[in-house]
Amino acid sequence: MKRFLLNWLGLAAIRLIGVAISIVTSTNVFMPDTCLDSRKIERNIKKLRLFSWFNELYEDDRHHSSFFINKHVRKYLESSIRVYLLKSSEKEQMKFIHLLEKVAQERGENKVKKTTS
C-alpha cells in the first residue's frame with residue numbers, strides 16, 4: 001500500500017511539473033499545439049523591432065523570410081517570456097541569432113540540393 005501511494009505521488013509530482021513547464025514556456029507538454037498564434041508573434045516582433053540588433057536581423061534578406069515561414073523561429077517568438085529575455089539578455093540574443101543562422105544555413109543547403117537535382 002505504501003509503495004502504491006509513493007508511486008502515485010511521484011506520478012502526480014511529474015504531472016504538476018509538466019503543467020508548470022507548459023505554463024512557463026507557453027506550450028502544452030501533454031498535448032502539443034500545432035497552431036501558432038500569429039497575432040501574438042506579430043505583437044512580439046513589433047516590440048523587438050524597437051531594438052537595433054533585432055531590426056538589423058529582421059531586415060536582413062537571409063533572415064527576413066524566417067520570421068514568417070520557419071516554425072521554430074515563429075515558435076520562439078510566440079513566447080512572451082522568451083521575448084522578454086531577448087530584450088534583456090545578451091546571452092538570449094546570441095541564442096536567437098544562432099537559431100536564425102542555423103535556419104538560413106539549412107535553407108541555403110536545401111536550395112543547393114534542389115538546383116543540383
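Trainee: How many salt bridges does a search of the whole structure find?
Mentor: Four salt bridges turn up, where a salt bridge is a side-chain nitrogen of Lys or Arg within 4 Å of a carboxyl oxygen of Asp or Glu. Keep in mind that this is a predicted model: local features need pLDDT of at least 70, side-chain atom pairs count only at pLDDT 80 or more, and totals for chains, interfaces and linings use all residues. Residues are numbered from 1 along each chain as its sequence is written, and side-chain values use heavy atoms, with hydrogens and water left out.

Trainee: Ok, which residue does Arg62 bridge to?
Mentor: Glu101, with the closest N and O atoms 2.8 Å apart. That pair links distant parts of the chain, 39 residues apart: Arg62 sits in helix H4 (residues 61-64) and Glu101 in helix H8. Helices here are DSSP runs (H or I, at least four residues; strands are E, at least two), numbered from the N terminus.

Trainee: Is Glu92 buried or exposed?
Mentor: Glu92 counts as buried because its relative accessibility is 15%; buried means under 20% relative accessible area, exposed over 50%, and partly exposed in between (1.4 Å probe, protein chains only). Lys95 is partly exposed, at 46%.

Trainee: What does Glu92 touch, leaving out residues up to four places away in sequence?
Mentor: Tyr76, Leu85 and Leu86, with contact meaning heavy atoms within 4.5 Å. Also, Glu92 and Arg82 are ten residues apart in sequence and 8.0 Å apart in space, C-alpha to C-alpha.

Trainee: Where does Arg82 lie relative to Tyr76?
Mentor: Over the face of the Tyr76 ring, at 5.4 Å from the ring centre. For that label, NZ of Lys or CZ of Arg has to be within 6 Å of the ring centre and within 35 degrees of the ring normal.

Trainee: Switching to rings: how many aromatic pairs does the whole structure have?
Mentor: Eight. Rings of Phe, Tyr and Trp (its six-membered ring) pair if their centres lie within 6.5 Å; planes under 30 degrees apart count as stacked, over 60 as edge-to-face and the rest as tilted. One of the pairs is Phe54 with Tyr58, stacked at 6.2 Å centre to centre and 25 degrees between the planes. Those two lie four residues apart in helix H3 (residues 52-59), and both are buried.

Trainee: What about Phe67 and Phe96, how far apart are they centre to centre?
Mentor: 6.3 Å, with 45 degrees between the planes, so the pair is tilted. Phe67 is in helix H5 (residues 66-69) and Phe96 in helix H8, 29 residues apart, linking distant parts of the chain. Phe67 is buried at 0% relative accessibility, and Phe96 also has 0%.

Trainee: Which residues form the aromatic cluster?
Mentor: Trp53, Phe54, Tyr58, Phe67, Phe68, Tyr76 and Phe96 form one cluster.

Trainee: New topic: which residues form the nonpolar surface patch?
Mentor: Met1, Phe4, Trp8 and Leu9, with about 560 Å² of accessible area together. Patches take residues with over 30% relative accessible area and no salt bridge, joining like charges within 9 Å and nonpolar side chains (Val, Leu, Ile, Met, Phe, Trp, Tyr) within 5 Å. Areas come from the Shrake-Rupley method with a 1.4 Å probe; for residues, only the protein chains shown count as cover. Phe4 is in helix H1 (residues 2-25) and is exposed at 57%.
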